[in-house]
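Here is a quick tour for someone meeting this structure for the first time. Have a look at it, then read on.

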Amino acid sequence: MPKKTELLEVEVQYACDRQDLPKKPRVRAWARAALAESGNQDGRVTVRFVAADEGRRLNREYRSQDDATNVLSFPYALKPQLCGDLVLCVPVVAREAAEQDKSLDAHYAHLVVHGMLHLQGHDHEESEEQASAMEDLERSILADLGYPDPYGSED
């Protein structure tokens with residue numbers, strides 16, 4: 001009997017005009033790395049890059065917060081395969097990268113990984129222990145991808 005091929009299908013959508021958005025293969029690699037960390041590689045995820053108006057509308061509708069945030073995660077299923085959506089608000093991500101003196105590419109990678117961990121059930125708002133565990137996972141995944149620690153300095 002042939003072995004089942006595990007695969008994370010990642011659809012990438014661009015709903016805003018910017019030249020500096022990450023290319024689809026890069027986004028897929030980030031998402032797959034975050035899912036592989038859990039030992040699973042099976043699922044279907046959409047990653048959507050949006051303008052401030054859509055980001056704000058979704059945040060207001062689903063989180064009752066009337067502003068745009070960097071990433072929103074919408075998990076639909078964990079089993080039999082991961083299924084969910086990530087929405088990244090491009091102007092917020094760009095502003096944060098500049099304010100934090102990070103490369104835009106590294107910040108996008110971090111937020112895709114962060115969002116993928118949320119889709120897998122990780123939460124940083126429940127307790128300090130869970131936040132610390134999630135940050136450690138993010139650091140590990142991003143280091144494997146060649147990115148610096150998103151929470152630390154590079155001194």
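## Helices, a hairpin and charged pairs

Helices α1 and α4 are oblique to each other, a word kept for angles that are not under 35 degrees (roughly parallel), over 145 (roughly antiparallel) or 65 to 115 (roughly perpendicular). This is a predicted model, where local features need pLDDT of at least 70 and side-chain atom pairs count only at pLDDT 80 or more, while totals for chains, interfaces and linings use all residues. Residues are numbered from 1 along each chain as its sequence is written, and side-chain values use heavy atoms, with hydrogens and water left out.

Back to that helix pair. The axes of α1 (residues 24–36) and α4 (residues 104–119) cross at roughly 40 degrees and come within 9 Å. Axes here are lines fitted to C-alpha atoms, for helices over the stretch in contact, and angles run from 0 to 180 degrees between N-to-C directions. On the α1 side the contact (heavy atoms within 4.5 Å) involves residues including Trp 30 and Leu 35, and on the α4 side Tyr 108 and Met 116 are among them. Helices (H or I, at least four residues) and strands (E, at least two) are DSSP runs, numbered from the N terminus.

Next, the strands. β3 (residues 71–77) and β4 (residues 82–89) pair in the antiparallel sense over six bridges; pairing takes at least two DSSP bridges between two strands. Together β3 and β4 make a hairpin, with four residues between them. Val 71 has Leu 88 in β4 as its bridge partner.

Now for the charges. How many salt bridges does the structure hold? There are ten, each being a side-chain nitrogen of Lys or Arg within 4 Å of a carboxyl oxygen of Asp or Glu. Three of these pairs are set out here:

| Pair | Closest N to O |
|---|---|
| Arg 18 and Asp 20 | 2.8 Å |
| Arg 95 and Glu 99 | 3.4 Å |

Are the partners buried or exposed? Buried means under 20% relative accessible area, exposed over 50%, and partly exposed in between (1.4 Å probe, protein chains only). Glu 54 is buried at 16%, whereas Arg 48 is partly exposed at 25%. Arg 18 is partly exposed at 33%, and Asp 20 is partly exposed at 36%. Arg 95 is partly exposed at 44%, while Glu 99 is exposed at 58%.

Arg 95 and Glu 99 both sit in helix α3 (residues 90–99), four residues apart, about one turn of the helix. Elsewhere, a network of salt bridges links Arg 56, Arg 60 and Asp 66.
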